[in-house]
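Me: I have a sequence and a structure to read together. Please take me through the features one at a time, with the general idea before the case.

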Amino acid sequence: MMRRPAYRLSNMAIREIIKGSRGISLVEILMVIVVMAIAIPPLISFIGSGTVKIVDSERRMVALGLAQGLMEEIKSQHYDEKAAPPYSYPLGPDTGENAGDKATFDDMDDYDGWQESSRGFTLSVTVFYVDPADLNTMVPSETLHKRIAVQVHDTYGTIDDFSLVTLVAA
Ligand SMILES: [Ca+2]
Ligand SMILES: [Ca+2]
């Protein structure tokens, strides 16, 4: 004896279901609109804040890359214009060098006061002599240590200013 599966519907039954199905009422449409109106704004703001965070971290990476690049460039120069102590004081570009053209620089402190812009960032350099016991205080005479700082400012205001600081020994 053949058994019919219990879930199988006859063609007649299907026709009855289709005939009996009604359209979506106005009340149902309004309820869907209300639910969407409640759910979508928080979703958009959630996606928006995520996007802002990604942009911030990308800007931070770019800024750090630019600061490191300039720092490496400075560190690749001689410690001082003079090859041996007493080293030069005050610091900055030397005779025949142009403060506005870093292609003329040949030692680290020539970059003191240098500024450049790239990709919406301004990079400013300060170089001064320090005592190795106190790296943040300028020593107004030559020492065997120079503190180089590259300060980064985001002209778009996306990220906070920061400084990359390195101590170099003669
Ligand atoms: Ca020089
Ligand atoms: Ca110099």
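Me: What should I know about the numbering and the model before starting?

Reply: Residues are numbered from 1 along each chain as its sequence is written, and chains are lettered from A and ligands numbered from 1 in the order in which they are written. This is a predicted model, in which local features need pLDDT of at least 70 and side-chain atom pairs count only at pLDDT 80 or more, while totals for chains, interfaces and linings use all residues.

Me: How many helices and strands are there in the protein, and what pattern do they follow along the sequence?

Reply: Helices (H or I, at least four residues) and strands (E, at least two) are DSSP runs, numbered from the N terminus. Here there are two helices and five strands. Read along the sequence, the pattern is α-α-β-β-β-β-β.

Me: What percentage of the protein's residues count as buried?

Reply: A residue is buried if 20 or more other C-beta atoms lie within 10 Å of its own, exposed if 12 or fewer, and partly exposed in between, with C-beta atoms placed from the backbone. By that count, 16% of the 170 residues are buried. Contacts are a separate count: two residues are in contact if their C-beta atoms, placed from the backbone, lie within 7 Å. Among contacts between residues at least 6 apart in sequence, 51% join residues at least 24 apart.

Me: What span should helix H2 have, and how far apart are its end C-alpha atoms?

Reply: The expected span of a helix is 1.5 Å times one less than its number of residues. H2 covers residues 26–75, which is 50 residues, so it should span 74 Å; the end C-alpha atoms are 73 Å apart, in agreement.

Me: Where does H2 bend?

Reply: The bend at a residue is the angle between axes fitted to the seven residues ending there and the seven starting there. For H2 this comes to about 25° at Ile40, and the proline Pro41 follows within four residues.

Me: Which residues of the largest nonpolar core touch the most other members?

Reply: A nonpolar core is a set of buried Ala, Val, Leu, Ile, Met, Phe, Trp, Tyr and Cys residues joined through C-beta atoms within 7 Å. The largest one has 18 residues, and Tyr111 and Val127 touch the most other members. H2, S2 and S4 are the elements that give two or more residues to this core, and S2 gives the most, with six. Leaving out residues up to four places away in sequence, Tyr111 touches Ile74, Lys102, Phe105, Val125 and Val127.

Me: How many bridges join S2 to S4, and in which sense do they run?

Reply: Two strands pair if DSSP finds at least two bridges between them. S2 and S4 run antiparallel and are joined by nine bridges, with Tyr129 opposite Lys146 in S4. S2 also pairs with S3 (residues 134–138), antiparallel over two bridges, and Val130 has Met138 as its bridge partner there. A hairpin through two residues joins S2 to S3. S1 and S2 run antiparallel as well, over four bridges; Ser118 stands opposite Phe121 in S2, and Gln115 stands opposite Ser124.
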